[in-house]
Amino acid sequence: MVVLQEVKSHYGKLNLFIDGEFVESESTDLHPVMNPARDEVIAEVPFSTKEEVEQAIKAGEEAFEKWKEIPMPTRIQYLYKLKQVVEEHFEEISRIITQNHGKIIDESRGEMRRLVENIETACSIAYTLAKGEQLDQIASGIDETLVREPLGVFAVIGPFNFPAMAPFWFIPHAIALGCTVVVKPSEITPVAMSWLFKVMEKVDLPPGVVNLVHGSKDVSQTLISHPDIKGVAFVGSTRVGSQVYRLAAEHGKRAIVQAGAKNFIVVMPDANLERTIPALLTSFYGNTGQRCLSGANLVAIGGIYEDLKSKFLEAASKLKLGYGLDETVEMGPVVTKRAKERILGYIEKGVEEGAKLILDGRNTKVEDYPNGYFIGPNIFDEVTPDMTIAKEEIFGPVASIIKVENLDEAIETINKSNYGNMACIFTSNGKWAREFRRGVQAGNIGVNIGIAAPMAFFPFAGWKNSFFGVLHGQIDCVDFFTDKKVVITRWW
Ligand code: NAD
């Protein structure tokens, strides 16, 4: 076993970054940050005081007045530099993500690649905006022009499962457009974002353009309700997301809220199973099932059911568990002890409600990491759509096989779900794929793809309870960070 070296074994008490400087928090509300594979403390995160959050907002507000006046091409030069320094520290940050979150190193590298793609996409914002939004002679001697202006300071609140990438669906775009940000990462996985701020320091952005605070509910609420915050970009669960959306509305703020999921993967009778099975493994067990784009319900159509079930079961039972810094490992632990208990609770519930547990990962042990929060892959068979395990987001390595007769029944089943983040179909038939794409109520659709994650130059979609708002993350947030002015001109 060759385990890649950890960047550090302990990162100390994490600092805040306010007005261009790292500052030690005065908070006495300290929480341990864990390595879930080893059950070891790797840092302490201080939950910022109200005064510290207000200082960060003030820094953002003051910086905004100057930052928005800097020409866009100059602002974008900072992003080129940011891309360069992030690339230089790519492997280091990937290892920190694995150490704090538990996902395997290749998944952390994938997260970092997507993060960089967001910076690259933000570098092209000038082209995105240059859409010819001027019309001459809309009336005799009158021209009309649309201009966009940056709005101010924004709060960016991240989830635990993509601690580096998810906030970067917003940060580079905000910077390019002339806005400033206060970032609050998840208190469970704050180390990667703290390290990214150390890396960002090398970019020499003017003080106050990017700020970092730590904490949980209270800090988020202080940010959202503060009069100088213009809006909130949030990624997290549906329960919290709906509260965030309400609070933002109550304070007249704009909000992008990307929330939880329960994703269906449909396998048609003509699917190429040799290719489908590896895609299913990544979809259901990649990131240990802790993705908003993880497969959760596996819908088998008609005659493929037996073959699909036996091949998926065989492949899933061979997955190698361990510490994600060992490059031979295929699945890491779940993120916390609490998450493990929650997932085990759902498995109990599935058994109680009559589903058949044909792969039981509950007691899986990893010899070298006996204290890690490991759960092996689980497969439930004979699941019906009304069961709790088929309806609620488990956010762990649990697959539920639902057998249906045909595509219409599959689409009908999917559309009864409260969520609509992703839906995928595996088939060799273009007509079925098209019917599925058109009929299914979900924002991200995969055709022979197990994780339908949009590239940075597409919006990160999501329907129903998986999303609250109008504009989505990634490229869509160009509109989010700006407001429109229409100028009607007549000269005489
Ligand atoms: P979470 O909702 O528990 O926490 C998200 C963030 O909100 C954290 O920073 C947390 O500190 C903060 N928070 C906690 N309570 C709060 C409150 N009452 N008010 C305001 N902020 C509060 O989510 P999580 O467990 O960190 O992340 C996993 C969830 O995120 C899953 O449901 C997953 O599906 C979802 N997710 C969605 C997407 C997407 O794009 N749709 C992407 C990644 C993750």
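**View 1. F17, F22 and F197 make up a cluster linked by ring pairs.** Rings of Phe, Tyr and Trp (its six-membered ring) count as paired if their centres lie within 6.5 Å; planes under 30 degrees apart are called stacked, over 60 edge-to-face, and the rest tilted. Searching the whole structure turns up 16 aromatic pairs. Keep in mind that this is a predicted model, where local features need pLDDT of at least 70, side-chain atom pairs count only at pLDDT 80 or more, and totals for chains, interfaces and linings use all residues. Residues are numbered from 1 along each chain as its sequence is written, and side-chain values use heavy atoms, with hydrogens and water left out.

View 2. F154 belongs to strand β7 and F481 to the loop between α16 and β24, so the pair ties together parts that are 327 residues apart in sequence. Helices (H or I, at least four residues) and strands (E, at least two) are DSSP runs, numbered from the N terminus. F154 is buried at 0% relative accessibility, and F481 is buried with a relative accessible area of 0%. Buried means under 20% relative accessible area, exposed over 50%, and partly exposed in between (1.4 Å probe, protein chains only).

**View 3. K103 puts its charged end over the ring of F162.** The distance to the ring centre is 3.9 Å. This label applies if NZ of Lys or CZ of Arg is within 6 Å of the ring centre and within 35 degrees of the ring normal.

**View 4. K198 has its charged end over the ring of W195.** Here, the charged end is 4.5 Å from the ring centre.
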